Protein chains: 4
Amino acid sequence: TARQDFAANERIYAPYSVFKGKAALSVQPVPPTFTKLDSGNVKVERRGIMMLTFMPAMGERKYDYEKRQHFALSATEVGSLISLGPKDSSEFFHDPSMLSSNAGQVRKSLSIKPQADGGGYFMSLTVVNNILRTNDRFNVPITAGEFAVLKTACSFALPHIMGWDRLTAKLPKEKVG
Amino acid sequence: TARQDFAANERIYAPYSVFKGKAALSVQPVPPTFTKLDSGNVKVERRGIMMLTFMPAMGERKYDYEKRQHFALSATEVGSLISLGPKDSSEFFHDPSMLSSNAGQVRKSLSIKPQADGGGYFMSLTVVNNILRTNDRFNVPITAGEFAVLKTACSFALPHIMGWDRLTAKLPKEKVG
Amino acid sequence: TARQDFAANERIYAPYSVFKGKAALSVQPVPPTFTKLDSGNVKVERRGIMMLTFMPAMGERKYDYEKRQHFALSATEVGSLISLGPKDSSEFFHDPSMLSSNAGQVRKSLSIKPQADGGGYFMSLTVVNNILRTNDRFNVPITAGEFAVLKTACSFALPHIMGWDRLTAKLPKEKVG
Amino acid sequence: TARQDFAANERIYAPYSVFKGKAALSVQPVPPTFTKLDSGNVKVERRGIMMLTFMPAMGERKYDYEKRQHFALSATEVGSLISLGPKDSSEFFHDPSMLSSNAGQVRKSLSIKPQADGGGYFMSLTVVNNILRTNDRFNVPITAGEFAVLKTACSFALPHIMGWDRLTAKLPKEKVG
């Protein structure tokens with residue numbers, strides 16, 4: 001039963017990262033969590049997301065992990081990302097304190113804009129924090145090849161963050177003699 | 001063997017839902033069932049489907065689950081859905097009592113139409129029930145991002161509802177010493 | 001260990017079938033077989049294929065299984081199928097006795113042609129058997145939705161018939177205490 | 001536990017190979033390796049790649065395995081490959097001794113160019129080795145169907161070489177009674 005516990009407890013780090021002159025971007029899916037109902041069935045408890053992490057450069061090929069900022073894409077936002085045409089732009093706004101007393105104090109916006117010469121994109125994150133009085137901005141140029149990785153890997157990951165990878169067809173049970 | 005029973009018995013709820021002003025739409029694949037033949041082989045007994053569930057709004061962010069209506073897309077209808085171009089329409093007609101004495105008494109039609117401003121679609125379900133003398137209509141606007149989720153997730157689910165995810169290559173058996 | 005044997009021995013029938021006026025077409029992937037090398041490693045022994053089965057109609061909604069004909073698409077032919085544009089045609093020629101003394105005696109050709117009104121295709125199989133002096137021809141119209149199922153399901157199945165689904169990343173082994 | 005060891009130790013050979021007049025090309029993904037952290041979590045140790053192997057022809061349908069040359073595509077290079085439009089070209093440069101004292105002594109370049117008549121591509125590898133004073137060049141014409149296989153199979157393999165196939169949603173643990 002060792003393998004069973006192993007699979008159940010560990011976390012796996014396999015980010016897709018692009019390191020550029022002024023900032024780096026790491027992307028990694030976070031699976032949903034499930035909860036067991038009294039009926040014995042199972043339902044999604046917390047939906048999965050695609051976590052984007054931006055870090056500012058602090059020298060040549062060095063990035064300041066302490067100053068990182070996160071932006072968690074929902075399934076629908078991942079849908080927008082993977083359906084972007086080569087000349088399309090997209091912008092997402094998040095308020096991490098939404099529905100709390102701090103609502104509106106921190107505003108995050110992620111912008112995806114095509115590069116003028118075609119092919120690639122600029123991905124920019126702005127975080128305005130009125131409590132800490134900070135204003136962070138990250139801008140990461142993404143090549144066409146890198147964006148193709150993001151599109152393909154996010155298309156792969158989308159059913160996983162939705163929990164649909166667990167809806168696999170079940171074969172008839174074998175009698176255990 | 002706990003895990004084995006677990007996987008065999010549970011049902012998993014992981015719908016993709018969009019909640020809009022007048023109605024909500026939930027989408028979830030239902031895997032096929034298999035049956036074992038005398039030969040020891042296994043065949044699909046009941047084909048899988050993609051279940052759409054519409055619910056009318058009954059107040060702000062509240063939906064009336066009691067008044068829900070279902071529409072079960074076959075593999076071929078899922079094929080039509082995922083191959084819709086940005087200006088294409090599609091309409092499907094179902095008679096849940098087909099081939100019974102009540103044939104024609106209940107008519108369901110699902111219509112998918114592009115929004116005028118491009119990008120999104122309207123998904124509408126009409127259910128005319130001559131027995132109960134009811135006539136229900138649901139209309140849910142779907143954004144481009146939401147439709148991209150539907151397309152990607154339904155493309156992922158299609159081989160699963162067909163049972164093709166079980167046709168995996170088998171490695172040579174290891175001798176168990 | 002019941003489940004292990006189960007997975008290793010059974011065959012699974014989950015064809016995608018379209019039943020039309022003059023003939024029916026069933027499609028099902030056949031996984032590759034593997035063989036174990038002396039080194040302990042494993043290699044593909046027989047490559048997988050996508051099996052197409054045509055049957056002539058013998059009355060309303062009845063098809064003559066005895067008169068079925070097969071056409072086995074290789075990985076590369078599946079590649080041609082899934083990359084067909086809406087106005088593209090394709091034709092494949094097989095000689096099931098190739099490299100034997102009967103070479104040339106049986107000629108099979110599969111043709112895929114777009115329908116004039118757009119969207120769908122005609123899939124036709126011709127089998128000329130000079131030994132049995134038979135000449136069979138099947139023609140099955142495929143709607144756009146059905147072709148989308150074929151494309152999506154064949155794209156899913158392609159890495160499986162190549163054996164690439166077994167090349168999964170391995171996690172570090174857990175110590176079994 | 002035999003199966004467990006089996007899966008952990010074996011290597012699987014399932015290359016996709018095209019054999020042409022002057023050279024052959026084999027393509028096979030190499031999964032990443034993982035390492036266990038002190039925290040009990042797991043992270044990617046060595047990233048996976050898509051391995052291309054070119055062999056020169058040495059007679060009819062014979063290829064010289066001794067003179068093979070490799071080119072290992074990174075995830076981002078695979079992204080470039082799968083996003084190539086029908087008229088696009090791409091070229092990648094590798095220095096296998098990069099960051100060592102032999103840097104610059106061996107230069108490899110892989111070029112992918114569309115064929116004039118549309119549909120297919122030419123894939124060419126040049127290896128200039130200043131230490132051995134060799135200069136090898138391989139040129140393999142790839143049909144549209146073969147390129148569709150490469151695109152589909154590489155799209156499938158991309159999340160695997162990134163290690164994202166291990167990020168699957170976990171169900172709640174079953175109590176083992």
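At roughly what angle do the axes of helix 3 of chain B and helix 3 of chain C cross? I looked this up in a predicted model, where local features need pLDDT of at least 70, side-chain atom pairs count only at pLDDT 80 or more, and totals for chains, interfaces and linings use all residues. Residues are numbered from 1 along each chain as written, chains are lettered from A and ligands numbered from 1 in written order, and side-chain values use heavy atoms without hydrogens or water.

**Helix contact.** The axes cross at roughly 85 degrees and come within 9 Å. Both helices span residues 144-162. I therefore note them as roughly perpendicular (65 to 115 degrees). Ser155(B), Leu158(B), Pro159(B) and Met162(B) meet Val149(C), Thr152(C), Ala153(C) and Phe156(C) (heavy atoms within 4.5 Å).

**Aromatic pairs.** Phe19(A) and Tyr63(A) are tilted, at 5.4 Å and 40 degrees. They sit 44 residues apart, Phe19(A) in strand 2 and Tyr63(A) in the loop between strand 6 and strand 7 of chain A. Tyr63(A) is buried at 17% relative accessibility (buried is under 20%, 1.4 Å probe, protein chains only).

I also checked Phe54(C) and Phe138(C): 5.8 Å between centres and 35 degrees between planes, so tilted. This pair joins strand 6 and strand 11 of chain C, 84 residues apart. Phe54(C) is buried at 0%, and Phe138(C) is buried at 4%.

**Charge over ring.** The charged end of Arg68(A) sits over the ring of Tyr65(A), 4.0 Å from its centre (CZ of Arg or NZ of Lys within 6 Å of the ring centre and within 35 degrees of the ring normal). I find Arg68(C) over the face of Tyr65(C), at 4.0 Å from the ring centre.

Methods
Axes are lines fitted to C-alpha atoms, for helices over the stretch in contact, and angles run from 0 to 180 degrees between N-to-C directions. Helices (H or I, at least four residues) and strands (E, at least two) are DSSP runs, numbered from the N terminus. Angles under 35 degrees count as roughly parallel, over 145 as roughly antiparallel, 65 to 115 as roughly perpendicular and the rest as oblique. Rings of Phe, Tyr and Trp (its six-membered ring) pair if their centres lie within 6.5 Å; planes under 30 degrees apart count as stacked, over 60 as edge-to-face and the rest as tilted. Buried means under 20% relative accessible area, exposed over 50%, partly exposed in between (1.4 Å probe, protein chains only).
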